[in-house]
Each structure stands twice: as structure tokens, then as C-alpha cells.
Amino acid sequence: MSDFDFNNINDLKTEEKRLYEEYKAQPIRYVREAQLFMEHEGYSEAWAVFDKDTYQENDHQKAFNIANENPNLKIAFSSYCFEEWFLLHFELNPIGFEHSE
């Protein structure tokens, strides 16, 4: 594993800083971080996981467009409440989520 810190924008090169600023909005950010892991850590495949929440539709479309540029970058997308789906793998939850926070 490298010393690259994805949370430290100062570790990014000039072009990567520009891209970081352009793509820092979620869910685009998740796709961009998956790209960076592939580029800097040498992963052959990466997944960006996010749900609809209240993000703008064009943010979702842009995220899918970016992911489509690399056949090994996948998206796992849920309409709402990814957290509920994940929680149900570990315990029964009788409360429905209308949206995630």
C-alpha cells in the first residue's frame, strides 16, 4: 500500500487537484475516489457505492458518465436508503427509512 492519502488534497498533483475540485460533489466524489484508488493503488477494479438521497439528477448522470469511461469502474446504486439495505443484512429492522441522512 502506498503513502498516498486520499483525504489530503495537498498530496494531489495539479491536474488531480483540479479534478478533485470539479468532482468533489457527491456522488461524483465517490466515483472519482474509486478512480484514484485504481490509479494510485494499482487496483484492477473498483466500485463506487451510493444512493439517490437528495443529490441533483445531473450529479448522478455525471457520476455514471465518469464511471463508463473505465470498464473496470463499477457503480452500485440504490434508489433510496442504502443504509437500510446494509442494516438488514445484520439485524431485523421494523422501521422503514424514507430517506437516508
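A salt bridge is taken here as a side-chain nitrogen of Lys or Arg within 4 Å of a carboxyl oxygen of Asp or Glu, and a search of the whole structure finds two of them. The structure is a predicted model, in which local features need pLDDT of at least 70 and side-chain atom pairs count only at pLDDT 80 or more, while totals for chains, interfaces and linings use all residues. Residues are numbered from 1 along each chain as its sequence is written, and side-chain values use heavy atoms, with hydrogens and water left out.

An α-helix has 3.6 residues a turn, so residues three or four places apart point the same way.

The other salt bridge links R32 and E39, whose closest N and O atoms are 3.9 Å apart. Burial is assigned by relative accessible area (buried under 20%, exposed over 50%, partly exposed in between, with a 1.4 Å probe and protein chains only). On this scale R32 is buried at 7%, whereas E39 is exposed at 51% and R29 is partly exposed at 27%. The buried residues of α2 also include I28, V31, A34 and L36. Just after α2, G42 takes a positive phi of about 80°.

Definitions and conventions
Helix = DSSP H or I, 4+ residues; strand = E, 2+ residues; numbered from the N terminus.
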